Amino acid sequence: MYKLKSFANGFDYIEVQNTASSAKIALQGAHIFEYKREREEDILWLSQESDFQKTKAIRGGVPLCWPRFGSLDKSLPQHGFARTMLFELLEVKEIHEGKTQLILELRDTKESREIWNFSFKLQMKITIAKSLTMQLTTTNLDTKEMFLTQAFHTYFNVSDISDVTIIGLQNRHYFDALVDEEFTQNAEIRFTQEVDRVYQGVNAAVVLEDKRRSISIKSSGSSSVVVWNPWIEKCKRMSGMQALAYKEFVCIESANAFDDFKSLKAGESHRLETLIC
Ligand code: BG6
């Protein structure tokens, strides 16, 4: 079952409910801001300060960073512009009683071409079931080559950041954005301070463990993973976040970032896919 709904301010979203799971997806940014499995706590974290304003990114869930991850490209907003643009809902399919699939699409507009002069098709396919699958396909409809960095900026809801262990990034190189240097990850990741890193050469599942559960995150079309928690001081400065919110989430972002950027010639497509289970 699914319903098209709106908040009082006219902000539109889709509510999906099936026998295995439920989800809420905003048309703005094709942004999944709630995903739950039956009889389980939310998988995704959503800030209590989220006010769902048009043209403002939602703090939590899965913002799409596209066509840029990060802020290296000064001609575009941080993390690109897709997260604040209105997608069109193309299709909802109830595959079986426990599985629902949605397709949302964004095309270039006059507004997007002013800041990024490309003709494109961006399709987000979301499968809501016992697991969550996200497929983001970029097609270059322009005549010139397109350079792409991107991410599913997933905020995971955790029992407490001090309970969290991230497994699967050992022996991977990472760029530490806090000190602008590269390191190698020696052990599983635990959190005792701010972390803002881009791991490279990741081709296997990453596992997030806390007191409540273990979640596996497996991607294709991507070999970079961003791990981020703002910790105490940055959290106080962040928009749309309460001062102690850093305790409640960790971001593990399946990405095409840094050396893992994609270059698409006219007519070419690239698909970034992530399975969360
Ligand atoms: C992460 C970056 O991906 O996103 C952080 O690595 C950044 O540096 C964070 O602070 C949040 O970004 P934004 O634009 O949503 O506030």
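Predicted model: local features only at pLDDT ≥ 70, side-chain atom pairs only at ≥ 80, totals over all residues.
Biologist: Which residues surround the ligand, by class?
Modeller: The ligand's neighbours include Arg59, Phe69, Gln78, His79 and Arg83. His153, Asp196, Trp228, Lys234, Met238 and Glu253 also belong to them. By class, the shell has three nonpolar, three polar and five charged residues.

Biologist: How far is the polar side-chain atom of lysine 234 from an oxygen atom of the ligand?
Modeller: Polar contacts are counted within 3.5 Å. Histidine 79 has a side-chain N or O atom 3.0 Å from a ligand oxygen. Arginine 83 places a polar side-chain atom 2.9 Å from a ligand oxygen. For lysine 234, the distance is 2.8 Å.

Biologist: How much of the area that the ligand exposes when taken alone does the protein bury?
Modeller: Lysine 234 has its polar side-chain atom 2.8 Å from a ligand oxygen. Taken alone, the ligand exposes 400 Å². Of that area, the protein buries 85%.

Biologist: What is the volume of the largest pocket?
Modeller: The ligand takes up the space of this pocket. The space in the largest pocket comes to about 820 Å³.

Biologist: Which residues are the closest to the centre of the largest pocket?
Modeller: The pocket holds about 820 Å³ of space. Its lining counts 38 residues. Closest to the centre are Phe69, Gly70, Ser71, Gln78 and His79.

Biologist: Which strands each supply at least two residues of the pocket lining?
Modeller: By class, the lining has 17 nonpolar, 10 polar and 11 charged residues. Asp196 and Trp228 are among the residues around the ligand. The strands that each give at least two lining residues are β16 (195–199) and β19 (224–229).

Biologist: How many cavities of 30 Å³ or more are there, and what is the volume of the largest cavity?
Modeller: The count at 30 Å³ or more comes to one cavity. The largest cavity has a volume of about 80 Å³.

Biologist: Which element gives the largest share of the lining of the largest cavity?
Modeller: The lining includes Val202, Asn203, Ile217, Lys218, Ser219, Ser224 and Ser254. Two elements give two or more residues, β18 (214–220) and β19. The largest share is three residues, and it comes from β18.

Biologist: What is the class make-up of the lining of the largest cavity?
Modeller: Val206, Ser222, Ser223 and Val225 are among the lining residues. By class, the lining has five nonpolar, six polar and one charged residues.

Biologist: Where does proline 67 lie, and what is its peptide bond from tryptophan 66?
Modeller: Proline 67 is in the loop between β5 (64–65) and β6 (88–96). Omega for the bond from tryptophan 66 is near 0 degrees. The peptide bond is cis.

Biologist: What phi does arginine 39 have?
Modeller: Arginine 39 is in the loop between β4 (31–37) and β5. This residue is not a glycine, although its phi is positive. The value is about 60 degrees.

Notes: Residues numbered from 1 in each chain as written. Heavy atoms only, no water. Near = heavy atom within 4 Å. Polar contact = N/O pair within 3.5 Å; in protein donor to acceptor, adjacent residues only side chain to side chain. Areas by Shrake-Rupley, 256 points an atom, 1.4 Å probe, with all protein chains shown as cover. 1 Å grid on protein atoms, 1.4 Å probe; cavity = no way out; pocket = protein on both sides within 12 Å on 5 of 7 lines; lining within 4 Å. Sits in = over half its atoms within 2 Å of the grid points. Nonpolar A, V, L, I, M, F, W, Y, C, P; charged D, E, K, R; others polar. Points joined across faces, edges and corners; volume = space filled by probe spheres on them. Helix = DSSP H or I, 4+ residues; strand = E, 2+ residues; numbered from the N terminus.
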